[in-house]
Amino acid sequence: MSLLDFGARADGLPASSPTNSAALNAFGDWARAESKAGRAVHVVAPPGTYYFDYAVAINCFRGISTLLFSGYGATFLQTRLRAEPWPVSGNAVLYGNRFNPRIRAAKKGATRVVAMTPAELGDYAPGEVVMIAGLDIQYGGYPPNLNYFDFVTIRSVDPRSGAVTFEPPLSYDYLADYPTYPLPNSWNGTRIYKLDHAGFTWNVDHTFAGFECRHEVEQGGNHVTVMGRKITWRDCVTPGFSETICEEFLAERCVERSYTEPDKLVKKSVRRDGKLMAGLGLQSSSIDLLIAENCTIRHVASGGKVMRVTNCDIEIVSPGCQFGFNESTRFENCRIGTANYLYPYIAKGARYNFVDGVNITYANGVFVVLKNDAWAQGGGITNWNAVPGQVLSFCRGKAGTSTADGSFLASDLGAGTVVSIEDRPGAIAIHTTLKHARVPAWSSGQVFIKHRNAPVFANCTGPEAVRVATEAERAGRRFGDYFRYLLDAKTIRQGAAFWGRSGTLVGLRATVVKPAAAATAMKATLGEMAAYRASTMDNPRLFQIELDLTIAGRRDFTQHGLRGAVGNDRVTYDGLVQDRLPADTWCEEGMPLLFCPGAPFLSNPAAAPVFELIFEFDMGLIGKPTVVHSGAT
């Protein structure tokens with residue numbers, strides 16, 4: 001069928017918007033009848049420009065199980081201000097149903113759960129696809145940021161016992177007592193969520209191919225909402241996608257013009273052979289797997305539970321995952337312009353995650369956080385979005401003094417892992433492996449929760465042909481955290497900060513690929529900072545490395561000595577020139593400072609050196625690279 005058969009006009013006239021909106025709805029009526037009869041639907045939009053109104057045509061794809069909407073050469077312009085650029089495939093409004101029953105605990109691999117209140121199962125039926133999910137890590141966001149989730153097909157419902165059987169088996173353990181919160185909507189604890197809503201069937205397979213959709217008047221950041229079991233876009237130009245409550249999403253050979261945000265409750269999201277003109281950002285671990293292959297991406301904010309980026313050209317890499325925990329991010333065979341801020345902790349507000357003795361208390365490894373969500377009072381429950389297996393750390397400092405920039409971490413002496421999250425009346429309790437009976441005397445009372453592991457960069461290059469440390473070079477270390485900064489005339493600034501690493505620096509490789517020209521004794525000072533004895537977290541001492549940029553070649557700074565074409569290179573520690581790195585100090589934030597006096601190359605970039613830095617840290621517990629999922633009780 002052709003969209004023109006339903007009255008559409010590809011005439012490029014704004015006045016045709018009502019006609020085209022009505023045509024989309026007429027197509028939807030026909031397609032639903034076809035779908036009800038068990039037939040797949042294919043419609044073609046011939047080349048041309050179609051104006052339409054999202055608010056009028058919003059339900060045109062409702063209730064269509066299998067759809068191919070093809071429009072090679074077509075452009076759809078949405079006319080309504082502040083509306084979305086394209087109609088939705090699904091409409092899983094999780095708070096719009098009467099009940100989302102809470103369930104008892106279930107283990108990974110189970111195909112049966114039991115509702116706590118069997119009477120709430122009245123709206124659920126065999127053959128229906130539902131979501132089983134638990135552990136809210138945002139405490140009130142929408143769609144909900146649930147860390148553990150599975151999409152399953154119901155096989156049987158027993159309204160007397162509350163038993164529900166389904167397939168496939170669960171991929172996570174689910175606790176019955178995940179915290180509940182004082183919210184008007186029900187997406188806390190562990191529940192069965194109904195996904196069909198207002199005539200929309202969530203269990204759909206929709207493919208859109210070959211057309212451009214956007215607003216009549218450009219609106220930045222307004223994405224195409226992707227919702228449904230399986231959604232595919234091919235050869236399209238869009239403002240961007242925001243997939244949510246989706247089992248499988250593929251964008252292939254697509255151009256995404258605005259910033260794209262894979263949002264929440266997505267099992268697998270893939271972008272292949274595409275162009276993301278603004279960026280790709282993930283805010284939480286409520287996305288199980290994100291893959292990007294052979295893409296050009298302006299900005300990647302890493303996140304999700306697992307992220308794999310292969311053979312991509314990327315201008316900027318930065319951290320994402322504000323909620324939950326990013327277990328693994330890997331960039332392989334990528335060209336990366338800059339990745340100079342990948343700190344594993346996120347700070348928000350002057351009293352972020354602060355034990356204030358009232359709203360947040362601590363004793364014997366347990367933090368108790370009131371359910372008041374007061375951001376200014378200890379950070380509120382919104383900031384304490386911990387999941388089992390995450391690392392957290394007390395911060396060093398004067399009691400009652402906090403920091404918002406991530407410094408003053410307290411080494412493994414003040415670090416532990418989250419064991420479980422407990423629901424209590426009016427509060428949540430975060431049980432950890434911390435051994436302190438109370439907040440340590442050397443700590444300010446501030447606590448940082450680690451939101452990501454360090455990314456792995458395998459066989460990646462910068463803007464120049466400089467190789468990053470390989471997996472083989474990283475092997476055999478307790479936690480060998482390699483990271484490469486490639487510096488040239490554009491990145492060398494007086495006082496440039498490179499955040500990202502805390503721990504004991506056990507090795508630094510510096511390779512001057514192209515020495516500085518027309519300069520003598522040109523040095524870069526690395527790590528002009530304080531280092532602390534890990535055993536007591538006191539007695540700060542100056543620690544820095546001076547690198548001579550006028551001599552080409554590789555130099556290795558290690559705990560065993562200084563090797564390579566060192567020239568005037570040196571290590572300064574505790575006020576003295578050393579010939580090796582210190583072995584028993586805790587370095588805050590790795591090597592945070594590059595200092596080139598006067599930023600001399602901004603006016604003469606041809607004279608600028610090009611050099612590579614690869615840091616190796618023993619990060620201990622702070623850098624623990626694995627996460628332990630919660631067990632059922």
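Reply: On the face of helix 1 that is turned away from its buried side sit the exposed residues Pro 18, Asp 29 and Lys 36, where exposed stands for over 50% relative accessible area, buried for under 20%, and partly exposed for what lies in between, with a 1.4 Å probe and protein chains only. This is a predicted model, in which local features need pLDDT of at least 70 and side-chain atom pairs count only at pLDDT 80 or more, while totals for chains, interfaces and linings use all residues. Residues are numbered from 1 along each chain as its sequence is written, and side-chain values rest on heavy atoms, with hydrogens and water left out.

Helix 1 covers residues 17-36, and its 20 residues reach 29 Å from the first C-alpha to the last, close to the 28 Å expected at 1.5 Å a residue; that expected span is 1.5 Å times one less than the number of residues. Helices (H or I, at least four residues) and strands (E, at least two) are DSSP runs numbered from the N terminus. The buried residues of helix 1 are Ser 17, Asn 20, Ser 21, Ala 23, Leu 24, Phe 27, Gly 28, Ala 31, Glu 34 and Ser 35. They lie on the same side of helix 1, because they cover an arc of only 155° around the axis, the arc being that of the directions from the helix axis to the C-beta atoms. An α-helix has 3.6 residues a turn, so residues three or four places apart point the same way. The cover over these buried residues includes strand 1 (41-44), strand 2 (48-52), helix 2 (54-57) and strand 3 (66-70), with contact meaning heavy atoms within 4.5 Å. Just after helix 1, Gly 38 takes a positive phi of about 90°.

As for the charged pairs, a salt bridge is a side-chain nitrogen of Lys or Arg within 4 Å of a carboxyl oxygen of Asp or Glu, and by this rule the count comes to 27. One of them joins Arg 271 to Glu 256, with the closest N and O atoms 2.9 Å apart. Arg 271 lies in strand 16 (residues 266-272) and Glu 256 in strand 15 (residues 255-256), so this pair ties together parts that are 15 residues apart in sequence. Arg 271 counts as buried at 2% relative accessibility, and Glu 256 is buried too, with a relative accessible area of 1%. Another salt bridge pairs Arg 424 with Glu 422 at 3.4 Å, N to O; here Arg 424 counts as partly exposed at 31% relative accessibility, as does Glu 422 at 25%.
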